[in-house]
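This report looks at a few side chains and the contacts they make. Please keep the structure in view while reading.

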Amino acid sequence: MEDEVDRLVAAWRRERPDLDVEPLEVLSRVSRLARHLDRARRLAFSEHQLEPWEFDVLTALRRAGAPYQLSPGQLLTQTLVTSGTMTNRIDRLTKKGLVERLPDPSDRRGVLVRLTDDGKERGDQALAGLLDQERAILAELSHAQRSELAALLRQLTAPFDNIPG
């Protein structure tokens, strides 16, 4: 079965035979798949009236376990945004009733961000919808193929995910 990447690689091999275009065979597919996954994620989240960034914050809090709270600094680490962006996001999620700010008992000047019951429910529902979308994307692969693909992608992403700082 041929795909769009096969066609663009063939065109580059014809037009630029002096270049080794083999990386395109893998990374162009990863890039195209990322775009399809982004569309599927947006669809899953929109069905629960959530934006992708809202889902990221809600699920970071949910993964923290009961009582589903983190400091803004911990949220920054998990979502890879600036402190100004995180403050804005917390403000917006608070207005929607999905999170609440609480005083940090271990730091009188600090705050904790806690998931509300509504935030927990919406995040859980959106996660279930996302997993349905992702299962559909992976449906053509066997369990063994999914495991192999996950291992290969881990090998590529781990160096980026483990850069200090």
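## A threonine in a helix

In this predicted model, the side chain of Thr-59 reaches the backbone oxygen of Asp-56 at 3.3 Å, and a polar atom of the Thr-59 side chain also lies 2.7 Å from the backbone oxygen of Phe-55. Thr-59 is placed in helix H3, which covers residues 52–63, and with a relative accessibility of 11% this residue counts as buried.

## Helix H1 and its start

Helix H1 runs over residues 4–15, and its 12 residues reach 17 Å from the first C-alpha to the last, close to the 16 Å expected at 1.5 Å a residue. At the start of H1, a side-chain oxygen of Asp-3 comes to within 3.2 Å of the backbone nitrogen of Val-5.

## Salt bridges between parts of the chain

How many salt bridges does the structure hold? There are 14, and one of them joins Glu-25 to Arg-13, with the closest N and O atoms 2.9 Å apart. Because Glu-25 lies in helix H2 and Arg-13 in helix H1, this pair ties together parts that are 12 residues apart in sequence.

Lys-96 and Glu-54 also meet through their side chains in a salt bridge, at 2.8 Å from N to O. This pair links distant parts of the chain, 42 residues apart, since Lys-96 is in the loop between helix H5 and strand S2, while Glu-54 is in helix H3. Lys-96 is partly exposed, with a relative accessible area of 39%, whereas Glu-54 is buried, with a relative accessible area of 3%.

Definitions and conventions: Residues are numbered from 1 along each chain as its sequence is written. This is a predicted model: local features need pLDDT of at least 70, side-chain atom pairs count only at pLDDT 80 or more; totals for chains, interfaces and linings use all residues. Side-chain values use heavy atoms; hydrogens and water are left out. Helices (H or I, at least four residues) and strands (E, at least two) are DSSP runs, numbered from the N terminus. Buried means under 20% relative accessible area, exposed over 50%, partly exposed in between (1.4 Å probe, protein chains only). A polar contact is a pair of N or O atoms within 3.5 Å; within protein, one must be able to donate a hydrogen and the other to accept it, and residues adjacent in sequence count only if both atoms are side-chain atoms. The expected span of a helix is 1.5 Å times one less than its number of residues. A salt bridge is a side-chain nitrogen of Lys or Arg within 4 Å of a carboxyl oxygen of Asp or Glu.
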